[in-house]
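Here are my notes on the model. Please read them with the structure open.

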Amino acid sequence: MTAALAPMAATPTSPAAMAGRPTRTVLLANVALSQLGWFAAVLGAAHHMAPAGTLCVVAVICWHLSVSARPCREALLVALACAIGFAVETVVALQGHVSYPSGQPDPHFAPYWMVALWGLFAIALNVSLRWLRPRLWLAALLGAIVGPIAFSSGVRLGGAAFVHTVPALLTLALVWGGVLPLLVRLSMHFDGVRAEGARP
């Protein structure tokens with residue numbers, strides 16, 4: 001946005017700042033807050049404080065929605081990601097290859113803090129992961145590699161434990177290899193970061 005069109009500059013955390021592509025400040029804040037939310041959720045679960053960690057994740061998601069040009073569309077993307085995450089993590093839980101120390105009221109279903117992390121991941125799709133849009137093959141490859149690595153990091157922090165390590169990692173690689181391209185496609189349809197009418 002040029003000075004002639006915007007006599008009052010948009011602040012980095014205002015919806016106007018995300019009218020087209022996210023500003024560098026918003027992008028960096030998105031990455032930093034997402035990482036903080038991830039650590040809060042994982043460490044909260046590890047120390048039997050899953051509700052507190054989940055609230056931190058919700059707070060980060062709310063921040064993202066508050067600075068989005070179309071928060072309702074971003075909220076829908078987050079909801080869809082959480083629904084997919086609930087289904088995926090429930091399948092993982094039912095396989096019995098992974099166990100969780102807390103945040104799982106019923107062992108047959110996904111831990112609620114893990115579902116929240118899927119929503120946290122969704123807020124990066126139209127910001128720091130926007131570059132994956134024309135590269136769905138790369139999204140599949142990265143998902144198959146980074147997904148198990150991220151989960152293993154959570155295990156090392158105590159947020160989960162591998163019961164059967166190799167089958168768990170193979171499942172995670174297959175799941176994330178297929179799900180990440182799907183999430184990227186969904187982010188293109190539910191892009192609330194870009195203002196209506198703005199160039200993608």
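Predicted model: local features only at pLDDT ≥ 70, side-chain atom pairs only at ≥ 80, totals over all residues.

1. Residues are numbered from 1 along each chain as its sequence is written, and side-chain values use heavy atoms, with hydrogens and water left out.

2. Start with the core. A nonpolar core is a set of buried Ala, Val, Leu, Ile, Met, Phe, Trp, Tyr and Cys residues joined through side-chain atoms within 4.5 Å. Buried means under 20% relative accessible area, exposed over 50%, partly exposed in between (1.4 Å probe, protein chains only). The largest such core has 45 residues, and Y100, W113, L117, F151 and L183 touch the most other members. Helix α4 gives the most to this core, with eleven residues.

3. Look at F151 next. Beyond residues up to four places away in sequence, F151 touches E89, V98, Y100, M114, A160, F162 and L172. Contact here means heavy atoms within 4.5 Å.

4. Helices (H or I, at least four residues) and strands (E, at least two) are DSSP runs, numbered from the N terminus. The buried residues of α6 include W176, P181 and L183. They pack against α3, β1, α4, α5 and β2.

5. S34 is in helix α1. S34 counts as buried because its relative accessibility is 11%. Setting aside neighbours within four places in sequence, S34 contacts A29, V60, L120 and I123.

6. A79 sits in helix α3. A79 is partly exposed, at 44% relative accessible area.
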